[in-house]
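Trainee: I have the model open. Can we go through its features one at a time?

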Amino acid sequence: MPSGSFSDPLSTHNRSRDRRSYVNGEMIRGITNGDDAVLVGENFIGANDGVGAWAHKPNGHAAADQARLWSRLILHFWALEAERDDSVTPMASSSAEPNPIAYLQAAYEQTIQATSAPNEWRGTTTACGALLHHTEGQATPEPILYVTNLGDSQVMVLRSDTQEMIYKTTEQWHWFDCPRQLGTNSPDTPIANAVMDKLGIKEGDVVLAMSDGVVDNLWEHEILKSVHDSMKSWVSGGVDGAKASDTEDAGGRMLYVARELVKAARNIAEDPYAESPFMERAVEEGLAMEGGKLDDISVVAAVCRRRKG
């Protein structure tokens, strides 16, 4: 999964300021986008959705003019925990199996500590991430994806050669528009509530990690079409700066895929007359609503590639 394969911070209402802050002497990883946070590493991607209602509470995380948000810190510590496990580094030869839920639990506990006194920043966030690993005991190791989810952010895996979605996470809710979440006053914890799926993938599969600003505004077939059309445009040379071959500059290609998907979701979010998945769910709950859902929209797009050498 190429580094740099994430969209620039984009929002339906503002462009977030990305300030390089530190925690425990280490630069906080990832990018904040409104209340969302995204992160991409060599074999780990994630997208968390911080709950915006905390902006109206005393010491709420979105009111802080710094990157110490629950969504960002959870991703930061989550990625660090995965890196500290020698068995899941890209060049690992160990037969140990990754444990992303344990990594997320440790990240959750470290975030509690980092946001407690003297800081006392309150907040909650959903969490979803995908960790790329490989099979053991084979002459040619095959890629395995470990997907972990808590809440209503989503990971999807798309097979580009057959233009089909082969996997997506299942949203977790307490009730309509109140997803499971980690943080202040929430009963949810990674150990008790996070769900981890393990699936074999192929070289060339596209992995998306998205906040609910995407899935609340676009149906699955629209996401699939956007990704397919973006990759086709890139390969055909219809994008400025695109390489002639789709095997070149995977980072740039995935950046373009993510940006186009953000644009597609944003178009619906800002259309008061559009039909959207969120509108459909609201109507099923007996609520009068039409149009898209204005929200932070965050996407990480990555492609599975075999390491050279």
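**Cavity, charges and backbone**

Mentor: Strand 7 (127-134) gives the largest share of the lining of the largest cavity, 3 residues. Strands are DSSP runs of E, at least two residues, and helices are runs of H or I, at least four, numbered from the N terminus. The model is predicted: local features need pLDDT of at least 70, side-chain atom pairs count only at pLDDT 80 or more, and totals for chains, interfaces and linings use all residues. Residues are numbered from 1 along each chain, and side-chain values use heavy atoms, without hydrogens and water.

Trainee: How much space lies in the largest cavity?

Mentor: A cavity is a set of points on a 1 Å grid over the protein atoms alone where a 1.4 Å probe fits but cannot get out; lining residues have an atom within 4 Å of a point. Volume is the space filled by probe spheres set on the points, which are joined across faces, edges and corners. The search of the whole structure finds 1 cavity of 30 Å³ or more. Its space is about 30 Å³.

Trainee: Which residue forms a salt bridge with D229?

Mentor: A salt bridge needs a side-chain nitrogen of Lys or Arg within 4 Å of a carboxyl oxygen of Asp or Glu. The whole structure has 17. The closest N and O atoms are 2.6 Å apart, and the partner of D229 is K225.

Trainee: Which peptide bond is cis, with omega near 10°?

Mentor: Look in the loop between helix 2 (100-114) and strand 6 (124-125), where P118 lies. The cis bond runs from A117 to P118.

Trainee: What is phi of N24?

Mentor: N24 is in the loop between strand 1 (22-23) and strand 2 (26-27). The value is positive, in a residue other than glycine: near 55°.

Note on methods. 1 Å grid on protein atoms, 1.4 Å probe; cavity = no way out; pocket = protein on both sides within 12 Å on 5 of 7 lines; lining within 4 Å.
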